[in-house]
Amino acid sequence: MKEEFQQLYMEMFPKLVRQATFLLGDPSVAEDLVQETFVRLHRVGLSTVDHRSAWLSRVLSNLCYSYLRSEGSRRQREEKVFLHSTAETSATETLSAEQVVMDREEVRMVSQSLGRLQARDRMVLLLKFSGFSYDEIAAATEINRSSVGTVLIRARERFKREYETFASQQVVLGKKGGIP
């Protein structure tokens, strides 16, 4: 049982950290919540959970959403994400002021576009781009396995439409593209 738990941990930890980091924007908090997710799995017992990766993903999502509710304003979270990403980039390359502004705007536009999607669309995109398989996505979202591909394609299309609409609104308002 201990070896089985360790194997599951080694397999799922990176995927779950990506999922939580995507939701939270803070890798250290993401790792903490993934640890808490595994603690909860240990408490309920490995043998009591049928679809383990789906269970872990669902529990982690709930923990992330609870954290976000208690965290405060969305702007503060976006600033943390931006500062973290620019700090990492600054260590390897120097960005121009224009690039920093454009990167910040891109993060905001993606976040806004995702926020306009239905919860199921956000979740399937998050899971897919966090490395989950179709079977794991189906179990986590309670979608029929044979429908996962179609749901993903439609979610991508909705995201693209939302992003393009948002981007075109920004161009009209003169907010896109940095310095005029």
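**View 1. Packing of helix α6 against helix α7.** Helices (DSSP runs of H or I, at least four residues, numbered from the N terminus) α6 (residues 119–129) and α7 (residues 134–141) pack at an angle of about 145°, their axes lying 10 Å apart. Axes are lines fitted to C-alpha atoms over the stretch in contact, and angles run from 0 to 180 degrees between N-to-C directions. Contact (heavy atoms within 4.5 Å) joins M123, V124, L127 and K128 of α6 to Y134, I137, A140 and T141 of α7. These residues comprise six nonpolar, one polar and one charged.

**View 2. Salt bridge between E136 and K15.** A salt bridge is a side-chain nitrogen of Lys or Arg within 4 Å of a carboxyl oxygen of Asp or Glu; the structure holds seven. The side chains of E136 and K15 meet at 3.3 Å, N to O. E136 belongs to helix α7 and K15 to helix α1 (residues 2–24), 121 residues apart. Relative accessible area (1.4 Å probe, protein chains only) defines buried as under 20%, exposed as over 50% and partly exposed as in between. E136 is buried at 10%, as is K15 at 17%.

**View 3. Salt bridge between D121 and R158.** The closest N and O atoms of D121 and R158 are 2.9 Å apart. D121 in helix α6 and R158 in helix α8 are separated by 37 residues. D121 is buried at 0%, whereas R158 is partly exposed at 29%.

**View 4. Salt bridge between R58 and E142.** The closest N and O atoms of R58 and E142 are 3.3 Å apart. R58 lies in helix α3 (residues 52–71) and E142 in the loop between α7 and α8 (148–173), so the pair ties together parts 84 residues apart in sequence.

**Notes.** Residues are numbered from 1 along each chain as its sequence is written, and side-chain values use heavy atoms, with hydrogens and water left out. In this predicted model, local features need pLDDT of at least 70 and side-chain atom pairs count only at pLDDT 80 or more, while totals for chains, interfaces and linings use all residues.

How values were computed:
Helix = DSSP H or I, 4+ residues; strand = E, 2+ residues; numbered from the N terminus. Nonpolar A, V, L, I, M, F, W, Y, C, P; charged D, E, K, R; others polar.
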